[in-house]
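Biologist: I am new to this structure and would like to learn how to read it. Could we look at it together, one feature at a time?

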Amino acid sequence: MRTTALFPYPVLAAALLLLSGCAVMQKQKRDDAMWAATPPEPAQSAPPADGSIYHDEQGMELFSDSRAHRTGDVLTIVLVENTQAVKKASTSTSKTDKTSFGAPTILGRTINGATVATDGDRSFDGTGSSSQSNQLTGNITVTVVKRLANGTLMVRGEKWLTINQGQELIRIAGIVRPQDIGQDNSVPSTRVADAQISYTGRGTLADANTQGWLSRFFNSKWMPF
């Protein structure tokens with residue numbers, strides 16, 4: 001006596017493949033070597049003991065503050081981004097053409113009733129407006145990646161926030177002048193040159209605010225209609 005399986009093998013294989021795909025999607029790729037924290041410069045070997053209290057090779061900074069100035073030092077960037085943009089455009093054109101011809105004369109005789117007239121009128125009106133507003137506030141602590149020849153500091157860092165079923169990611173990179181760093185070892189984001197600031201999210205909330213692939217196709221430039 002033979003029994004028939006309720007679920008055929010192809011259906012079972014497809015279900016296992018779907019579950020494995022969901023498990024892979026749940027693993028968020030967090031590690032990025034480019035945005036990893038920069039370690040400090042390697043310490044120099046200790047000088048030989050000669051009975052002196054202070055050695056210049058030890059790098060004892062007796063008269064400096066704790067502001068970042070070396071590779072690997074940490075620096076707090078205060079995000080105070082607030083941008084607003086408004087653009088309006090209006091175009092209006094018009095053109096009118098009117099031409100008329102009287103009765104023609106053939107062999108000295110005028111042909112009555114034969115007149116030609118043309119009349120043309122063209123106009124165009126177009127208006128457009130666009131407005132955008134962005135605001136980003138908060139703090140993010142980064143590390144000094146490199147100290148340039150002129151003394152400016154290349155900084156880079158990221159911050160991950162896991163809230164419920166989603167993850168929020170903030171990344172910033174740029175160049176900071178030591179003169180702009182405050183006594184509390186912080187600098188506003190408006191003082192960061194060549195700043196690259198990104199704020200993205202992953203998880204359930206981000207997926208709910210993302211269009212599906214079919215909707216993106218109909219809204220893309222490849223849609224002929």
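Modeller: Let us begin with a term: two strands are said to pair if DSSP finds at least two bridges between them. In this predicted model, strand E5 (residues 153-163) and strand E6 (residues 166-176) pair in the antiparallel sense over eleven bridges.

Biologist: Which residue in E6 is the bridge partner of Val155?

Modeller: The bridge partner of Val155 is Gly174. The hairpin of E5 and E6 has two residues between the strands, and Asn164 takes a positive phi near 55° there.

Biologist: In what order do the elements of the protein run from the N terminus on?

Modeller: The order is α-β-β-β-β-β-β-β-β-α-α, with three helices and eight strands in the protein.

Biologist: How many salt bridges does a search of the whole structure find?

Modeller: As a general idea, side chains of opposite charge can pair when their charged atoms come close. The search of the whole structure finds four salt bridges, and one of them joins Asp97 to Arg122, with the closest N and O atoms 3.3 Å apart. This pair links distant parts of the chain, since Asp97 lies in strand E1 (residues 74-101) and Arg122 in strand E4 (residues 116-147), 25 residues apart.

Biologist: Is Asp180, which forms a salt bridge with Arg177, buried or exposed?

Modeller: Buried means under 20% relative accessible area, so Asp180, at 17%, counts as buried, whereas Arg177 is partly exposed at 42%. The closest N and O atoms of Arg177 and Asp180 are 3.0 Å apart.

Definitions and conventions. Residues are numbered from 1 along each chain as its sequence is written. This is a predicted model: local features need pLDDT of at least 70, side-chain atom pairs count only at pLDDT 80 or more; totals for chains, interfaces and linings use all residues. Side-chain values use heavy atoms; hydrogens and water are left out. Helices (H or I, at least four residues) and strands (E, at least two) are DSSP runs, numbered from the N terminus. A salt bridge is a side-chain nitrogen of Lys or Arg within 4 Å of a carboxyl oxygen of Asp or Glu. Buried means under 20% relative accessible area, exposed over 50%, partly exposed in between (1.4 Å probe, protein chains only).
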